[in-house]
Amino acid sequence: MTKENWLIYGANGYTGQLVVEEALHRGHRPILAGRSKEKIEPIANRTGLEYVVADPADTGSLKKALSGVGLIFNAAGPFIHTSTPIIKACLEYGIHYTDITGEIPVFQNIFSYDSQAKQKGIVLMPGIGFDVIPTDCLALYVAEHVPGAVELELAFAGLGHISPGTMKTMVEMIPGGGMVRRDGRLTSYPLGRGAKKVLFPDGEHTVIPILWGDLETAYHSTGVKNITTSMAYPDFMIPFLPAGISIMQKLFASKTIQRLAQKMIGMTVKGPGKDARERDRSYVWARAADGKGNEKQAWLDIPETYLFTAVASVLTIEKIFELHPKGALTPAMAFGSGFVLNINGVKRYDKLPG
Ligand SMILES: NC(=O)c1ccc[n+]([C@@H]2O[C@H](COP(=O)([O-])OP(=O)(O)OC[C@H]3O[C@@H](n4cnc5c(N)ncnc54)[C@H](OP(=O)(O)O)[C@@H]3O)[C@@H](O)[C@H]2O)c1
């Protein structure tokens with residue numbers, strides 16, 4: 001296990017704190033960082049870890065924070081507001097960059113720095129949490145079984161309770177609407193439509209296409225040109241989704257309502273507690289097809305999404321220090337489709353039991 005020098009930016013957030021706990025559990029001593037001394041200092045006092053205060057908007061403070069650091073783990077989302085200055089600093093000082101984004105424009109931006117990252121000998125690896133490690137690895141796994149695959153479907157069930165940052169990020173993305181990938185291009189798709197039944201390890205769920213990071217990452221990992229990413233919803237919600245989402249899209253298009261919603265979320269949403277994190281499970285399904293009758297399906301049964309994110313993030317950071325991949329890469333591109341199986345509590349099925 002590596003004890004390399006790395007930094008957690010956004011260490012005071014819900015997910016940042018889970019990653020701090022997991023890092024300590026694995027014997028790491030990461031530097032804590034965030035934009036607010038009042039929020040970071042108590043965590044440093046409780047854990048005995050060093051801390052630094054820096055703001056991505058202030059290049060000087062960022063430069064100081066990153067001095068002597070080998071890797072940064074960015075947990076400060078929505079990442080559309082934090083990732084670019086941090087990545088630019090990482091490229092300038094030769095520091096590996098990781099985050100837990102699921103935002104398509106952030107992935108696109110990061111992949112555009114691939115050759116610069118290679119030249120610098122660093123890796124830029126966004127999406128090292130629930131979004132996108134399980135779906136990315138399973139997408140590559142099914143695509144490996146269907147040479148020349150032209151279609152890839154990914155779906156997950158069991159998102160359960162969500163954290164404040166996840167909800168803020170979702171609310172920011174709602175006005176943009178839904179998308180799928182067709183013939184290699186991201187194409188608009190009406191949110192709330194296209195329901196279908198999918199069998200998961202815990203039974204059948206109704207899934208609906210949503211905007212998910214794999215529309216970008218799985219395209220890079222597998223090269224498949226038609227990708228749909230879906231999420232399970234409770235059956236009673238399905239008939240109301242198209243109208244409900246359309247109202248939310250109109251509502252959240254207003255900057256004032258966005259600001260109000262973000263503030264309310266910050267005050268009221270707490271994220272899953274320890275019991276839920278240890279009890280709940282999530283499920284992923286992937287299907288690749290070549291359009292000539294050949295197809296492959298597979299499933300993952302994984303721990304609750306935030307517990308998964310904390311464990312997977314630290315394991316990915318250890319793997320980066322061990323293998324030193326270079327360029328802008330997805331987790332599956334760097335470590336292979338089997339990487340997700342190294343994460344404690346993950347099971348993969350080629351056929352569902354029973
Ligand atoms: N990939 C995955 O599977 C996965 C899993 C979990 C979370 N996430 C994502 O991770 C992000 C964080 O989620 P969370 O629930 O942990 O959020 P949270 O509890 O709201 O914490 C957000 C953290 O980001 C910081 N931050 C936000 N905007 C910032 C900005 N403009 N400049 C500097 N710092 C900023 C916050 O600092 P202050 O406290 O000072 O505001 C805080 O430290 C979200 O985007 C979420 O969608 C992804």
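I looked up I8 and found that it stands opposite F73 in β4, in a model that is predicted, where local features need pLDDT of at least 70, side-chain atom pairs count only at pLDDT 80 or more, and totals for chains, interfaces and linings use all residues. Residues are numbered from 1 along each chain as its sequence is written.

I then checked the strands: β1 (residues 6-9) and β4 (residues 71-74) pair in the parallel sense over four bridges, where pairing requires that DSSP finds at least two bridges between two strands. Helices (H or I, at least four residues) and strands (E, at least two) are DSSP runs, numbered from the N terminus.

I followed the open sheet of seven strands, paired in parallel, in the order β3-β2-β1-β4-β5-β6-β15. At its edges I noted β3 (51-53) and β15 (327-328), each with a single partner strand, so one side of each has no neighbour in the sheet.

Next I turned to the domains, whose bounds come from an automatic or database domain assignment: domain 1 covers 6-129 + 307-335, and domain 2 covers 133-304 + 343-349. Their centres, taken over C-alpha atoms, are separated by 24 Å.

For the contact between them I noted 23 residues from domain 1 and 27 residues from domain 2, two residues being in contact if their C-beta atoms, placed from the backbone, lie within 7 Å. On the side of domain 1 that touches domain 2, α1 (14-25), α5 (104-111), α13 (305-323) and α14 (331-335) each supply at least two residues, and the largest share, five residues, comes from α13.
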